[in-house]
Amino acid sequence: GPADWFPNDHPPMPPIVAEGRKPQIWACALCHFPNGKGKPENAGVAGYPVSYFIEQMHEFRNGQRRSADPGKKNTALMASFAKAMTDEEIRAAAEYYGSMKWTPWITVVETDSVPKTYTSVGMYMPLPGGGKEALGQRIIEVPKNPEETEQLRNPRSGFIAYVPVGSVAKGKTLAAQACVVCHGPELKGIGPVPGLAGRSPSYLVRQLYDMHQGTRSGEWTELMKPTVSKLTE
């Protein structure tokens, strides 16, 4: 099982979250952390509606949730875990993470240039020795403290998301037109609809892209299609 540095930050973990189940299933807390914050290459799952969490696991299990990027290996890993998990284990994880309130830990910074980066375990990491490069129309999300995040998996060490100048205002306009009806006026979710506010922007854009490309399907994706189909990259 992964290290649990701050056991008072969360309720008691069910075995599937704390330890997984050998040999097929890794502990949920290894990637998503005991507090459900996750990292940009996976998902922050704390505070998700239990019914939504369960449905997404079923979609992984049924082949309805795949990545449009063939190099995105952890999507296939999630599918393998979902197939190996019992319904009771899925519900235990859903209820555990759903019991915690989501609190943002990502600082969004609008900029024209970003630190040069390399990738490690699915994350962008600042290149040792520094240096800058143009951001362009990308989102580059990096740990605030690389060693704390990459080596120690510290669930209190957050991220910086570098985004193009002006994109926050553009996104606010788009969200007001297309997102608030279902996700709520503050984008914190309504009933079984998940919250979006404060979560990883690179994760969100990846999910929208997967829906747009048709590699993610299922009930929620069908509801999203009319909106997503109109979006440019």
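**Helix α4**

In this predicted model, begin by selecting Thr 75, Met 78, Ala 79, Phe 81 and Ala 82, which are the buried residues of α4. They cover an arc of only 165 degrees around the axis, which places them on the same side of the helix. An α-helix has 3.6 residues a turn, so residues three or four places apart point the same way.

Next, select Lys 73, Ala 76 and Lys 83; these are exposed, on the other side of α4. Then display the whole helix, residues 73-84. Its twelve residues reach 17 Å from the first C-alpha to the last, close to the 16 Å expected at 1.5 Å a residue.

What covers the buried residues of α4? Select α2 (28-32), α3 (50-61) and α5 (87-98): the cover includes these three helices.

**The open sheet**

Now turn to the strands. Three of them form an open sheet in the order β1-β7-β6, with mixed pairing. Select β1 (106-110) and β6 (140-143), which stand at the edges. Each has a single partner strand, so one side of each is left without a neighbour in the sheet. Neighbouring strands here are turned by 25 degrees against each other on average, direction ignored.

How do β1 and β7 run, parallel or antiparallel? Select β7 (residues 159-163) together with β1: the two run parallel and are joined by five bridges. To follow this pairing, display Ile 106, which stands opposite Phe 159 in β7, and then Glu 110, which stands opposite Val 163 in β7.

The pairing of β6 with β7 is antiparallel, and four bridges join these strands. Select Pro 143 to see the residue that stands opposite Phe 159 in β7.

Show the side chains of β7 next. Phe 159, Ala 161 and Val 163 point one way, whereas Ile 160 and Tyr 162 point the other way. Five of the five residues of β7 are buried, so this strand is largely enclosed by the rest of the structure.

The next stops concern the backbone. Most residues other than glycine have a negative phi, and most peptide bonds are trans.

Select Lys 22 and Pro 23. The peptide bond from Lys 22 to Pro 23 is cis, with omega near 0 degrees. Pro 23 is found in the loop between α1 (15-18) and α2.

Continue to Phe 33, in the loop between α2 and α3. Phe 33 has a positive phi of about 70 degrees, although it is not a glycine. With a relative accessible area of 1%, Phe 33 is buried.

Then select Val 121, in the loop between β3 (117-120) and β4 (123-126). Val 121 also is not a glycine, and its phi is positive, at about 40 degrees. Is Val 121 buried or exposed? Its relative accessible area is 54%, so Val 121 is exposed.

**The cysteines**

How many disulfides does the structure hold? The number is zero. A disulfide is a covalent bond between the sulfur atoms of two cysteines. The cut-off applied here requires the two sulfur atoms to lie within 2.5 Å.

Cys 28 counts as buried because its relative accessibility is 15%.

Select Cys 179 and Cys 182 next. For Cys 179, the closest cysteine sulfur is in Cys 182, at 8.9 Å, which is again too far for a bond. Cys 179 counts as partly exposed because its relative accessibility is 23%.

**Last stop: Tyr 209**

Finally, select Tyr 209 in helix α9 (residues 201-213). At 36% relative accessibility, Tyr 209 counts as partly exposed. Which residues does Tyr 209 touch, not counting residues up to four places away in sequence? They are Ala 68 and Glu 233.

Tyr 209 and Asp 69 are 140 residues apart in sequence, while their C-alpha atoms are 9.7 Å apart in space.

How values were computed:
Residues numbered from 1 in each chain as written. Predicted model: local features only at pLDDT ≥ 70, side-chain atom pairs only at ≥ 80, totals over all residues. Heavy atoms only, no water. Buried < 20%, exposed > 50% of the residue type's maximum accessible area, 1.4 Å probe, protein only. Contact = heavy atoms within 4.5 Å. Expected span 1.5 Å × (residues − 1). Arc of directions from axis to C-beta. Pairing = 2+ DSSP bridges. Axes fitted to C-alpha atoms, helices over the stretch in contact; angles between N-to-C directions.
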